[in-house]
Amino acid sequence: MVMALARSEVSAQAAEVARLRAQIGSMQRRTAVVDALPVHDPLAPLFPEGGLRPGSSYALPDSASLLLALIGAASRDGSWCAVIGMPHLSAEAAEGYGVDPARLALIPRPAERWRQAVATASEVFPLVAVRPSSPAAPAEAARIDARLRENGSCLLAVGSWPGASASLAMAAPEWQGLGRGHGLLSSRAVTIQATGRRAPRPRSVRVLLPGASGGVESATPRRVDGRAHLRAVPA
């Protein structure tokens with residue numbers, strides 16, 4: 001009975017991907033050359049091209065905020081995005097980062113068929129995000145990366161990804177908004193660092209994630225009473 005239900009769910013997901021392929025094919029035609037998929041301005045210094053390079057894979061920490069922040073600008077610019085293996089992703093939170101719900105496809109529970117889901121989605125969507133339910137072996141990651149290059153798609157993988165073009169990490173979180181034992185949390189400052197083959201040295205930015213607006217904002221220090229404080233600069 002359990003196996004039958006699993007097969008039914010996989011079949012339904014495959015049918016949904018096929019439907020989306022037909023729908024997107026009639027609405028969006030890819031250009032022959034795309035330099036980079038855009039990201040919000042505060043995150044652009046992390047990438048040599050200023051955005052996400054088609055045909056590349058990126059390894060991310062387990063942070064829904066960072067994932068949505070990376071997707072937001074491309075979605076707002078008109079790119080379709082598929083998110084695989086994240087059943088609890090909040091559509092409301094996604095909108096706060098600029099993601100257009102009309103261009104977002106969710107495949108929440110592919111189970112062990114996440115590899116097939118990623119490969120199929122890369123044929124249709126310029127941007128694919130996945131939280132693998134099991135680690136990707138180097139050979140598997142290499143096959144998926146080859147498919148990404150063939151299709152000109154970009155992959156955001158939550159967790160380690162063998163051979164990733166770049167790996168991102170988050171550090172030094174600092175919540176803002178609390179006074180002396182009271183107040184409301186309004187933003188979180190974090191340092192994001194990117195390391196990879198295409199950058200000779202690590203790149204890092206200090207951002208508010210989320211910022212007071214609910215999205216991503218630059219964070220610059222200001223000095224008050226001789227002490228450094230963070231100031232938000234809207235994206």
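**Entry 1: the empty space inside**

A cavity, on a 1 Å grid over the protein atoms alone, is a set of points where a 1.4 Å probe fits but cannot get out. Grid points are joined across faces, edges and corners, and a volume is the space filled by probe spheres set on the points. Rolling a probe the size of a water molecule over the atoms shows where empty space is left.

Before going on, I noted that this is a predicted model, where local features need pLDDT of at least 70, side-chain atom pairs count only at pLDDT 80 or more, and totals for chains, interfaces and linings use all residues. Residues are numbered from 1 along each chain as its sequence is written, and side-chain values use heavy atoms, with hydrogens and water left out.

I looked for cavities of 30 Å³ or more and found one. The largest cavity has a volume of about 110 Å³. Which residues lie nearest its centre? I wrote down Pro-48, Tyr-58, Ser-165, Ala-166 and Arg-198, out of 14 lining residues; a lining residue has an atom within 4 Å of a point.

I then sorted the lining by type: seven residues are nonpolar, four polar and three charged. For this sorting, Ala, Val, Leu, Ile, Met, Phe, Trp, Tyr, Cys and Pro count as nonpolar, Asp, Glu, Lys and Arg as charged, and the others, Gly among them, as polar. Strand 9 gives the largest share of the lining, three residues. Strands (E, at least two residues) and helices (H or I, at least four) are DSSP runs, numbered from the N terminus.

**Entry 2: a look at strand 9**

I stayed with strand 9, residues 183-196, and picked out Ser-187 there. Is Ser-187 buried or exposed? Ser-187 counts as buried, because its relative accessibility is 6%; buried means under 20% relative accessible area, exposed over 50%, and partly exposed in between, with a 1.4 Å probe and protein chains only.

Leaving out residues up to four places away in sequence, I listed what Ser-187 touches: Glu-174, Trp-175, Gln-176, Leu-208, Pro-210, Gly-211 and Ala-212. Contact here means heavy atoms within 4.5 Å.

The peptide bond leading from Leu-209 to Pro-210 is cis, with omega near 0°. Pro-210 sits in the loop between strand 10 and strand 11 (217-224).

**Entry 3: the nonpolar cores**

Next I looked up the nonpolar cores, each a set of buried Ala, Val, Leu, Ile, Met, Phe, Trp, Tyr and Cys residues joined through side-chain atoms within 4.5 Å. The largest has 38 residues, and Leu-43, Leu-156 and Ile-192 have the most contacts inside it. Elements that each supply at least two residues of this core include strand 3 (57-60), strand 7 (154-158), strand 9 and strand 10 (203-208). Which element gives the most to this core? My note says helix 2, with seven residues.

A second, separate core has 22 residues, including Ile-84, Val-118, Ala-121 and Val-128.

**Entry 4: aromatic pairs**

A pair of aromatic rings is described by the distance of the centres and the angle of the planes. Rings of Phe, Tyr and Trp (its six-membered ring) pair if their centres lie within 6.5 Å; planes under 30 degrees apart are stacked, over 60 edge-to-face, and the rest tilted. I counted two such pairs.

Why is the pair Phe-47 and Tyr-58 edge-to-face? The ring planes stand at 90°, with the centres 5.6 Å apart, so edge-to-face is the label. Phe-47 is in the loop between strand 1 (37-38) and strand 2 (51-52), and Tyr-58 is in strand 3, eleven residues apart. Both Phe-47 and Tyr-58 are buried.

The other entry is Trp-114 with Trp-161, edge-to-face at 6.2 Å centre to centre and 65° between the planes. Trp-114 is in helix 4 (residues 114-122) and Trp-161 in the loop between strand 7 and strand 8, 47 residues apart. Trp-114 is buried at 1% relative accessibility, and Trp-161 is buried at 5%.

**Entry 5: positive phi**

Last, I checked backbone angles. Ala-111 has a phi near 55°, a positive value in a residue other than glycine, and lies in the loop between strand 5 (104-107) and helix 4. Ala-111 is partly exposed, with a relative accessible area of 49%. Ala-172 also has a positive phi near 55°, but its place is in strand 8. With 44% relative accessible area, Ala-172 is partly exposed.

Notes
On a 1 Å grid over the protein atoms alone, a cavity is a set of points where a 1.4 Å probe fits but cannot get out, and a pocket is an open set with protein on both sides within 12 Å along at least five of seven lines; lining residues have an atom within 4 Å of a point.
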